[in-house]
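Subject: Structure for you to look at

Hello,

Here is the structure I said I would pass on. Please open it alongside this message.

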Amino acid sequence: MIGLWLVVAMELAAFVAGLTIYLLIRRGHLTLGVLAGQAALMAIIIIMGLLLDVPTAEAPRISHVYLLVVAALGYLNYQREKSYTQLILIGLCLLAFVILGSARLTSPYVVMPEVARTIGTWANAFMATALLAACIHAMQTEFTRKDKYSRDLMAALWNDEFQLVYQPQVDVSQRTIGAEALLRWNSPQRGSVSPVEFIAQAERLGLMIAIGGWVLERGCRTLAEWGTNPDFRHLSLSINVSASQIMHQDFEAFVRDTLAETGANPQHLILELTESVLVTEIELVIAKLNALREMGITIALDDFGTGYSSLSYLRRLPIQQIKIDRSFVQDAVNSPSSASLVKSVVRMSRDLGHNVLAEGVETMEQHDLLAQFGSIQFQGYLYGKPMALADFAQRIDVETQGSA
Ligand code: C2E
Ligand code: CA
Ligand code: CA
């Protein structure tokens, strides 16, 4: 009798666990939902195996085989998002599988008639094996997809599939003073891929040095061209530099050679770095930045406000420009406290002698508010989206004609 109630209790627990996990995932807690799901499945299988599904003379234990399926699902999830919790869950699953598979524990709650158990053993063995095969197939598909993505990304450099687009930067009167070069991958299979999507993978594959080198070279060529045209000579060009790029031992030499080869004016070159780059090995980074400074290059701190920058540390870095992140800019019009935060960032940066650029400005309201805080520069969809080089040149031509 207790055995039957136990079965009912287990079913109920499974239902409640399933519902909770469903709600977790619906609310956007995917990681938590998946991990909780595995833990619940594992607990249910272990309790089943200990109390209800014990080996008898007629039928062996079978439910523990599902632990292998849970472990395989866990591994798939680990590929999606690496975490210690996931590794521990996989380890526990495998350990429980070994214990339940080897120990001949008995239980007073066995309720199934032996014949039903014998059929159940075959059915469950079949199901669990099929599920395991499906998991392995899913893993294989996932690896092939990743592998193909990586190979395509590597080939992109050779096949000339990268492109730089240029987003205008303007002064308070909305006159163009320069541009930020932004990378695009025009993949024949995937269309135009955003750098947000492929840069992390390129970093993992160790490709960012090569891709970043391409960006720097292409950007410097553009800058050199601008230098030969009186209408373009005043423009600056901002180029993003990734962590692995700057930490590479030959980075400064590479920049120096590229400037020399292309004939670009370093006074008009701005290299943008994010705070995450700067927190590691700060002394080494400072030395590298100083070397770049000596070549005449400007260093900008990108996405200011999204990291952990403390003021003392900001003072130590040889930077000349601060780019206020667009999240700050967009909050500023909605809340007075955000506005005064931006205002004090502008004042502080200027006290430190840095020039300030507000990113992601989309509305005139944002522009007007920011313009009150002092003389800063702007970048955002309000003034222009990232565009092909020819379109950017045309924009400058129109501006020049307008002012002539
Ligand atoms: P970021 O350096 O902060 O670049 C600004 C991003 O914000 C760009 O996205 C730009 O298109 C977008 N943006 C500009 N104005 C607005 C606006 O008014 N509203 C909104 N909602 N967005 C705006 P993109 O081009 O997709 O680049 C994303 C990130 O990829 C960049 O962020 C940068 O961190 C990275 N990245 C781009 N090109 C390169 C590169 O050549 N090298 C490296 N290392 N990173 C790059
Ligand atoms: Ca940037
Ligand atoms: Ca930025």
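This is a predicted model: local features need pLDDT of at least 70, side-chain atom pairs count only at pLDDT 80 or more; totals for chains, interfaces and linings use all residues.

Metal sites

The calcium ion (ligand 2) has Glu180 (OE), Asn240 (OD1), Glu272 (OE) and Asp302 (OD) as its coordinating groups, at 2.1 to 2.3 Å. Along the chain, these donors follow the spacing E-x59-N-x31-E-x29-D. Among them, glutamate 272 sits in strand 5 (residues 269–274) and aspartate 302 in strand 6 (residues 298–304); this pair is 30 residues apart and links distant parts of the chain. Glutamate 272 and aspartate 302 are both buried.

Aspartate 303 has a relative accessibility of 26% and counts as partly exposed. Glutamate 359, at 12%, counts as buried, because the cut-off for that class is under 20%.

Which residue do the two sites share? Aspartate 302 bridges the calcium ion (ligand 3) and the calcium ion (ligand 2), and the two ions lie 4.0 Å apart.

Helix 3 and helix 5

Helix 3 (residues 66–80) packs against helix 5 (residues 114–158) at an angle of about 15 degrees, and their axes are 9 Å apart. Helix 3 is therefore roughly parallel to helix 5, since angles under 35 degrees count as such. The crossing of helix 3 past helix 5 is left-handed.

On the helix 3 side, the contact includes Tyr66, Leu68, Val69, Leu73 and Leu76. The helix 5 side includes Met127, Leu131, Leu132, Met139 and Phe143, as well as Lys146. By class, the residues of this contact are 15 nonpolar, 2 polar and 1 charged.

Proline 108

Proline 108 is in the loop between helix 4 (84–102) and helix 5. Is proline 108 buried or exposed? Its relative accessible area is 70%, so proline 108 is exposed.

Regards

Technical notes
Residues are numbered from 1 along each chain as its sequence is written. Chains are lettered from A and ligands numbered from 1 in the order in which they are written. Side-chain values use heavy atoms; hydrogens and water are left out. Donors are N, O and S atoms within 2.8 Å of the metal (3.2 Å for Na, K and Ca); water is not among the atoms, so sites may look incomplete. Helices (H or I, at least four residues) and strands (E, at least two) are DSSP runs, numbered from the N terminus. Buried means under 20% relative accessible area, exposed over 50%, partly exposed in between (1.4 Å probe, protein chains only). Axes are lines fitted to C-alpha atoms, for helices over the stretch in contact, and angles run from 0 to 180 degrees between N-to-C directions. Angles under 35 degrees count as roughly parallel, over 145 as roughly antiparallel, 65 to 115 as roughly perpendicular and the rest as oblique. A crossing is left-handed if the near helix is turned anticlockwise from the far one by less than a right angle, and right-handed if clockwise. Contact means heavy atoms within 4.5 Å. Ala, Val, Leu, Ile, Met, Phe, Trp, Tyr, Cys and Pro count as nonpolar, Asp, Glu, Lys and Arg as charged, and the others, Gly among them, as polar.
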